[in-house]
Amino acid sequence: MTQTTQTNDPTTTIPVAPSRIPAGLEARRISAWFGDHQVLEDVDLVMAPGAVTALIGPSGCGKSTFLRILNRMHELVPGASLAGEVLLEGQDIYDPALRPIESRRRIGMVFQKANPFPTMSIYDNVLAGLSLTGKKPRRPNAETDGLVEQSLRSAGLWEEVKTRLASPGASLSGGQQQRLCIARALAVNPDVLLMDEPCSALDPTSTRRVEETIRQIAGEVTVVIVTHNMQQAHRVSDHCAFFLAAEGRPGHIVEQGPTEDIFERPQDQRTNDYVNGRF
Ligand code: ADP
Ligand code: MG
């Protein structure tokens, strides 16, 4: 059903998108260490609600570490430590009062290598994350059917799999498996989706499908994507941050801003060189 809002003029109704506005994320002065090796230094980044933020930069500059910090996975690495704050809707996700499982539910993650449960059905794969929420029903019902369909539609996979939901996850192509992982992440209704090089193992057609999916969910989900593909960063993101670990400094943001500015009018020569393939 389409929601509407009454205005003061009783003859007009303004259609309102049925979707909610997701929470944004803000990293404040994030520094990170593995043992005594510092890998990130004073990273400040606002990931606006519903926007797509791309993290770019050479290998080893701390992009994956930064993503893991955004959903409390960094703290699972033995010897890893952290300074700074990550605010979700203004609340520090590292606040001891907030359970890690709750921030990980609200901040989902998709990895470079698609990792659906290979022998589990497509249907059950989509629902697998619900155990995080403690709301996993014992058996399929109309509600789970609806959630599976909606999540697969959002991930742009429904039409391809709707007649074979009982097939195992491993029966899908690489690109389909990645979109299944996106559907699984979306099924728990996250505010934020973190994606670590989600297309680097995919062929160009699958890559395009995932990019379409990202643009489709933007607005309803706050997306942060790490990519080495500059055209992809340009195509999918609204905001772009260029990371570098160089000249004796741990990983830090050299330059960030609206994607158009980073690609068309970079202020720093190193950004210019990187986005134009000279590095
Ligand atoms: P990127 O994703 O930009 O390639 P990473 O975040 O993976 O960079 O790595 C940043 C730095 O942290 C690198 O020097 C890497 O060797 C180091 N690093 C990453 N993970 C670990 C770990 N689990 N233990 C020790 N060092 C790590
Ligand atoms: Mg990485």
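This is a predicted model: local features need pLDDT of at least 70, side-chain atom pairs count only at pLDDT 80 or more; totals for chains, interfaces and linings use all residues.
**D42.** D42 has 14 other C-beta atoms within 10 Å, so I noted it as partly exposed; the cut-off for buried is 20 or more. I placed D42 in strand 4, residues 37-47. Its phi is positive, about 50 degrees, although D42 is not a glycine.

**N189.** I then turned to another non-glycine residue with positive phi, N189, where the angle is near 60 degrees. N189 sits in the loop that runs between helix 7 (174-186) and strand 9 (192-196). I counted 19 other C-beta atoms within 10 Å of N189, and it is therefore partly exposed, since a buried residue needs 20 or more.

I went back to strand 4 to see what it pairs with. Strand 3 (residues 25-34) pairs with strand 4 in the antiparallel sense, over seven bridges. In one of the bridges I checked, I30 is partnered by V43 of strand 4. The two strands make a hairpin with two residues between them. In that turn I found G35 with a positive phi of about 60 degrees. Strand 3 is also joined to strand 6 (residues 80-88) by eight bridges, again antiparallel. Here I noted L87 of strand 6 as the bridge partner of E26.

**Ligand 1.** I listed the residues surrounding ligand 1: F34, V39, S59, G60, C61, G62, K63, S64, T65 and V77. Sorted by class, I get four nonpolar, five polar and one charged. Which element gives the largest share of this shell? It is helix 1 (residues 63-70), with three residues.

**Helix 8.** I checked the length of helix 8, residues 204-217. Its 14 residues reach 20 Å from first C-alpha to last, close to the 20 Å expected at 1.5 Å a residue. I recorded T207, R209, V210, E211, T213, I214 and I217 as buried. For the spacing I kept one general point in mind: an α-helix has 3.6 residues a turn, so residues three or four places apart point the same way. What covers the buried residues of helix 8? The cover includes strand 5 (52-56), helix 5 (142-154), helix 7, strand 10 (222-226) and helix 9 (230-236). Just after helix 8, G219 takes a positive phi of about 100 degrees.

**Record.** I looked up the UniProt entry, which is unreviewed; it lists residues 25-275 as "domain: ABC transporter". Over residues 25-275 I find 35% helix and 25% strand. The end C-alpha atoms of this stretch are 25 Å apart.

Note on methods: Residues are numbered from 1 along each chain as its sequence is written. Chains are lettered from A and ligands numbered from 1 in the order in which they are written. A residue is near a molecule or strand if its C-beta atom, placed from the backbone, lies within 6 Å of it. Helices (H or I, at least four residues) and strands (E, at least two) are DSSP runs, numbered from the N terminus. Ala, Val, Leu, Ile, Met, Phe, Trp, Tyr, Cys and Pro count as nonpolar, Asp, Glu, Lys and Arg as charged, and the others, Gly among them, as polar. UniProt positions are given in the numbering used here, feature names are shortened, and annotations may be inferred rather than shown by experiment. A residue is buried if 20 or more other C-beta atoms lie within 10 Å of its own, exposed if 12 or fewer, and partly exposed in between; C-beta atoms are placed from the backbone. The expected span of a helix is 1.5 Å times one less than its number of residues. Two residues are in contact if their C-beta atoms, placed from the backbone, lie within 7 Å. Two strands pair if DSSP finds at least two bridges between them.
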